Amino acid sequence: MKKLILSTAVAALAAGTAFAQDDSTVRLGTEGAYPPYNFLNDAGEVDGFERALGDELCTRAELTCEWVTNDWDSIIPNLVSGNYDVIIAGMSITDERDEVIDFSDPYTQPDPSAYVALSDGIDLENSVIAAQAGTIQASHVASMEGATLLEFATPDETIAAIKNGEADAALADKAFLEPIATSDAEVTFVGDDVLLGGGIGLGIRESDAELREQFNEAIQSMKDDGSLNTLIEEWLPGSATF
Amino acid sequence: MFGNCADPGALDGLAWLGCYLTTGKHMSLYGSLGTVLLLLAITAPTALLFGFGGATAARSHVAPLRWFGKTYIAIVRGVPDIAFFLFFVIALDQGFEYIRHHVLCPEWPDTVRQGNDFVVCAQAKLPLGNSPQWVHETYGFLLAVLTFAIVFGAFAGNVLFGAMRAVPRAQLETAEAYGMTRGQVTRRVLIPQMWVYALPGLSNLWMVLIKATPLLFLLGVEDIVYWSRELGGAKQPQFTDYPHPDWRMWYFGALLVFYLCFTKVSEIVMDRLMARLTLGQATAGGEAQRRAGA
Amino acid sequence: MEDCLQTITDYGLRSIGIGERLLPRNDFTLCQQFTLIGSGMIWNIYFGTLALIAGFFLAVAVALGKASANPLIRKPAEWFIFVFRGSPLFIQFFFAYFLFLSLKGSYPIFSPLTSATFGALTVLFLNTAGYSAEIFYGALQSIPKGDTEAADAYGLTGWSKFRRVVYPTMLRLAWPAYTNEAIFLFHSTTLVFFAGFPAFQQKGDALYYARYFADKTFNPFVPYPILAGYFILLTLVIIAIFGWMNGRLNRHLPSATRARLRFRPQLIR
């Protein structure tokens, strides 16, 4: 075993000296499973609001960027261990995440989360609410006094759960639920929207202050000339603009 | 893919299905089938090598080597593979980069661990930051192979360790009586003779390995299960040209058929291999073959 | 230290709904991680033990079915083994969950099956029965001919021949491989909440809590090794229990032969 690791390391060393090391590309990590923020289109490429936004930001900051997808669960550990440089995956700015990584300025307003259910008049305080495991919505439901949290691996399954009666309601990002509620006659919004998190920002390593500044400038310039608002209106209808 | 797929909304029936099943995303699904088979093809011999190393170490007369072999087999076997996959790849990756960092940039002023961050110099990155995407993917794939090999090597080590002990003592004694040294006995008798005892265990391990491939996604490799979930789910298609409801049932059904067929083929191959290895052996199976032939 | 005792009283039984309702949300300590992940092990042990015990009986029946001369019995047994051994567990979970949901729709009596407590247990039970049946079948095939001939000579037939001769010998031969199957089964229990069934009120198994901490602290290098440590302990306990049973099964044999029986490479899993 040792021998194998050693020979791999030697091969890797050889590769390291062979390439020039100048213009490094910035790798953008996303989940690719969170429409309309980011998803894979029919061609299998990253698409969505953040694809358009990320490409524009890179052009403005004059960076060469490349898209990679990573599982949501390990998206932060892989950032801090350097497998990509930026997280652009609909990640809300929260205190606990901010302890581990840095965030750029938000590029959306705090995103409203909403409840969906099969019928109106559900007492949300005392019902079974489905949410995707590991999201801010799941921790919100966990802290609601009378409600019971039912966690699923994917947001798809939370919608399936209210349809088959496992859960009374589902809590998720409003932008994600919007198209479902309009296209699916069974599902309707219930209750009031809740504001969780502090808007969505780019996740960047704490040691990468320079890169963060570059992106902040680019985001600011997009806010100034209104192009960010145009993108938000195009991809996230109904969301607040800047 | 085809020219008439430009406007999927206008199509119906088979034409729609034909276009749907040939989108770029479906091509990735079919491609990932190759990825899985390739991974199995590389992992199996590597794991066998690790297992052989582990078993030999566990039998060694040098105490530290013996402890190493036994600990490796015992610990890795004791841990569920998912738990292992969830942190081991990152650890492996950081380990490689750490070594390279110390070799390539000895005069680097900062520490590697900065708070939560793991920062190595740009030359030590694996793969390099500016290398194309396929290099990153190949590297990720090789890390996955290595992780699989380490995990399944421990199981293979356990099987081979048992198989080495199952070789009839008399055969080894005969070899010693011919004046062979310990090394010669191992090379000329023990290793050739142990396979017939190891094969049933190894073939079952192979079956378990096939069924562990859905965990590949945890290792950052996009495998068939990942693509099936992506394509089957109802969430993403709404935003593409081929909207459809939750079709995971069909995709997973296809996966089920794939895994069952793969298992069947493996069983047939293993049976043939076993028959070949049993030939002339002093086992019940060998005896049965001898009688059938006579 | 006192804090830690408090944590243990608060969270020691959290996985079955006793104690603090809210999981720790910030300032995570090692003690919290050890306690909650340990608490989750209750589920792994619950799933593993019950599925193993129930699966054992089904496995013996299916193994006898596969060895049967009557194709009406043999074919279903062969298919049962093939389907459960031939497909990944997570696909079995997926289909079972959908099946249970639709059953629940038409017959309310099936409603407990959509919870992990009973649904996942059912799947694990069938899964381990499939694997164990193949092991027992292999053992049945390698029972020495002399043993059954001796039974015939004593005039033993039917049930008493099975109970006194065939069954004990089969168990003895299958035991080492069956030990491995038990280890694999306990490992598989981590898949329940990972890919199969929803977690209710944050009551989950050890992997569920390990993921919770990995997700909150963004550091996979603490919770997963803790989980691994618990499982190594569990595996050692399983090996010890099965080793003791192996001694019981072989107690009539002279000790030299007993050692040889420790490894039967007929079938591992």
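In which sense do β8(A) and strand β12 of chain A pair, and over how many bridges? I opened my notebook with that one. The model I am reading is a predicted one.

**Entry 1: strand β8 and its neighbours**

I looked up the pair and found that β8(A) and β12(A), residues 188-195, run in the antiparallel sense, with five bridges between them. To see one bridge for myself, I picked A:Pro112, whose partner in β12(A) is A:Leu195.

Then I checked for another neighbour of β8(A). Strand β11 of chain A, residues 169-173, is joined to β8(A) by five bridges, and these two strands run antiparallel. Here I picked A:Val116, which has A:Ala170 as its bridge partner in β11(A).

A reminder to myself: strands of a sheet pair through backbone hydrogen bonds, and they can be parallel or antiparallel.

**Entry 2: which way the side chains of β8 point**

I next asked myself which residues of β8(A) point one way and which the other. A:Pro112, A:Ala114 and A:Val116 point one way, while A:Ser113, A:Tyr115 and A:Ala117 point the other way.

For the strand, residues 112-117, that makes six buried out of six, and β8(A) is mostly covered.

I followed the join: strand β10 of chain A, residues 148-152, pairs with β1(C) in the antiparallel sense, over two bridges.

**Entry 3: a three-stranded sheet in chain A**

I found another open sheet in chain A, with three strands in the order β2-β3-β4 and antiparallel pairing. Its edge strands are β2 (33-34) and β4 (46-47), and each pairs on one side only. Between β2(A) and strand β3, residues 38-40, I noted two bridges, again antiparallel. A:Tyr34 is opposite A:Asn38 of β3(A).

**Entry 4: chain A as a whole**

I wrote down nine helices and 13 strands for chain A. Its C-alpha trace spans about 65 × 55 × 35 Å along the principal axes. Of its 242 residues, 55% count as buried. The accessible surface is about 9500 Å², and 50% of that belongs to carbon and sulfur atoms.

I looked at contacts too. Among the contacts in chain A with a separation of 6 or more, 67% are between residues 24 or more positions apart. Chain A has 11 positive and 45 negative charges, and their mean positions lie 10 Å apart.

**Entry 5: chain B as a whole**

Chain B has ten helices and two strands. I traced the elements from the N terminus: α-α-α-α-β-β-α-α-α-α-α-α. Its radius of gyration is 25 Å, well over the 19 Å from the globule rule for 294 residues, so chain B is more spread out than a compact globule. The C-alpha atoms fill a box of roughly 80 × 70 × 30 Å along the principal axes.

Buried residues make up 51% of chain B. The 22 positive and 19 negative charges have mean positions 17 Å apart.

**Entry 6: two single residues**

I ended with two spot checks. B:Ala288 sits in helix α10 (residues 284-293) of chain B. I read 45% relative accessibility for B:Ala288, so this residue counts as partly exposed. B:Ala288 and B:Leu29 are 259 residues apart in sequence, and their C-alpha atoms are 46 Å apart in space.

C:Gly19 is in the loop between α1 (2-11) and α2 (30-67) of chain C. C:Gly19 has a relative accessible area of 51%, so I noted this residue as exposed. From C:Gly19 to C:Gly155 I noted 136 residues in sequence and 61 Å in space, C-alpha to C-alpha.

Conventions: Residues are numbered from 1 along each chain as its sequence is written. Chains are lettered from A and ligands numbered from 1 in the order in which they are written. Side-chain values use heavy atoms; hydrogens and water are left out. Buried means under 20% relative accessible area, exposed over 50%, partly exposed in between (1.4 Å probe, protein chains only). Helices (H or I, at least four residues) and strands (E, at least two) are DSSP runs, numbered from the N terminus. Two strands pair if DSSP finds at least two bridges between them. The radius of gyration is taken over C-alpha atoms; the globule rule is 2.2 Å times the number of residues to the power 0.38. Lys and Arg count as positive and Asp and Glu as negative; His and the chain ends are not counted. The place of a charge is taken as NZ of Lys, CZ of Arg, CG of Asp or CD of Glu. Contact means heavy atoms within 4.5 Å. Accessible areas come from the Shrake-Rupley method with a 1.4 Å probe; for residues, only the protein chains shown count as cover.
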